[in-house]
Amino acid sequence: MTWFILVIAGLFEVAWAIGLKYTEGFTRLWPTVGTVAAMVTSVVLLGLAMRTLPVGTAYAVWTGIGAVGTVILGIVLFGDPANTARLACVALIVCGILGLKLTSA
């Protein structure tokens, strides 16, 4: 259950990172409200996961999910570049996340 909570926290991190783009510098009310709500939810869930997971593992997995998800949505939603080098770097992040998961108790 702890890993599930951590994954959900990571998905909320993706939501707030993408939400930042839609706030237009925190000048739009509803995107700002949604982004702040996603930030709070993400950190609260991360804190719950850290009750049983090692801090380094939990934080690295959380940020990894956020980074990979944000890169993918940046490509899909905003036309960010999707060249071979960028995708290879994303694959390395995914390998790191899986490695941490597999080597954690």
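Q: Which helix gives the most to the nonpolar patch?
A: Helix 2, residues 29-49, with four residues. Keep in mind that this is a predicted model.

Q: Which residues make that patch, and about how many Å² is it?
A: Leu 20, Phe 26, Val 36, Val 40, Val 44 and Leu 48 make it, and the area is about 480 Å².

Q: And where does Phe 26 lie?
A: Phe 26 is in the loop between helix 1 (2-23) and helix 2.

Q: Is Phe 26 buried, partly exposed or exposed, and why?
A: Partly exposed, because its relative accessibility is 47%, and that class lies between the 20% and 50% cut-offs.

Q: What about the phi of Phe 26?
A: Phe 26 has a positive phi of about 60°, although it is not a glycine.

Q: OK, salt bridges. How many does the count come to?
A: The count comes to one salt bridge.

Q: Which side chains meet in it?
A: Those of Glu 24 and Arg 28, at 3.9 Å from N to O.

Q: Is Arg 28 buried or exposed, or something in between?
A: Arg 28 counts as partly exposed, since its relative accessible area is 36%.

Q: Let's look at Thr 23. Where is that one found?
A: Thr 23 is found in helix 1.

Q: Buried or exposed?
A: Thr 23 is buried, because its relative accessibility is 0%, and buried means under 20%.

Q: Which residues does Thr 23 touch, not counting those up to four places away in sequence?
A: Arg 28, Pro 31, Thr 32 and Thr 35.

Q: Switching to the whole chain: how many helices and strands?
A: Four helices and zero strands. From the N terminus on, the elements run α-α-α-α.

Q: What box do the C-alpha atoms fill?
A: Roughly 45 × 35 × 15 Å, taken along the principal axes.

Q: How much of the chain is buried?
A: Buried residues make up 29% of the 105 residues.

Q: What about contacts between residues at least 6 apart in sequence?
A: Of those, 67% join residues at least 24 apart.

Q: Now the inside. Which residues make up the largest nonpolar core?
A: There are twelve: Trp 3, Leu 6, Ala 9, Leu 45, Leu 46, Ala 49, Leu 53, Ala 58, Val 61, Trp 62, Ile 65 and Ile 97. Helix 1, helix 2 and helix 3 (55-78) are the elements that give two or more residues to this core.

Q: Which gives the most to this core?
A: Helix 3, with four residues.

Q: Which residues of helix 3 are buried?
A: Thr 57, Ala 58, Val 61, Trp 62, Gly 64, Ile 65, Gly 66, Val 68, Gly 69 and Gly 74. Their cover includes helix 1, helix 2 and helix 4 (84-103).

Q: What span should helix 3 have, and how far apart are its ends?
A: At 1.5 Å a residue, its 24 residues should span 34 Å, and the end C-alpha atoms are 33 Å apart, which agrees.

Q: What follows helix 3?
A: Gly 79, with a positive phi near 70°.

Q: How about the span of helix 1?
A: Its 22 residues should span 32 Å at 1.5 Å a residue, and the end C-alpha atoms are 31 Å apart, so that agrees.

Q: Last one: which residues of helix 1 are buried, and what do they pack against?
A: Trp 3, Leu 6, Ala 9, Gly 10, Glu 13, Val 14, Ile 18, Gly 19 and Thr 23 are buried. They pack against helix 2, helix 3 and helix 4.

Technical notes. Residues numbered from 1 in each chain as written. Predicted model: local features only at pLDDT ≥ 70, side-chain atom pairs only at ≥ 80, totals over all residues. Heavy atoms only, no water. Patch = residues over 30% accessible without salt bridge, like charges linked within 9 Å, V, L, I, M, F, W, Y side chains within 5 Å. Areas by Shrake-Rupley, 256 points an atom, 1.4 Å probe, with all protein chains shown as cover. Salt bridge = Lys/Arg side-chain N within 4 Å of Asp/Glu carboxyl O. Buried < 20%, exposed > 50% of the residue type's maximum accessible area, 1.4 Å probe, protein only. Core = buried A, V, L, I, M, F, W, Y, C linked by side-chain atoms within 4.5 Å. Contact = heavy atoms within 4.5 Å. Expected span 1.5 Å × (residues − 1).
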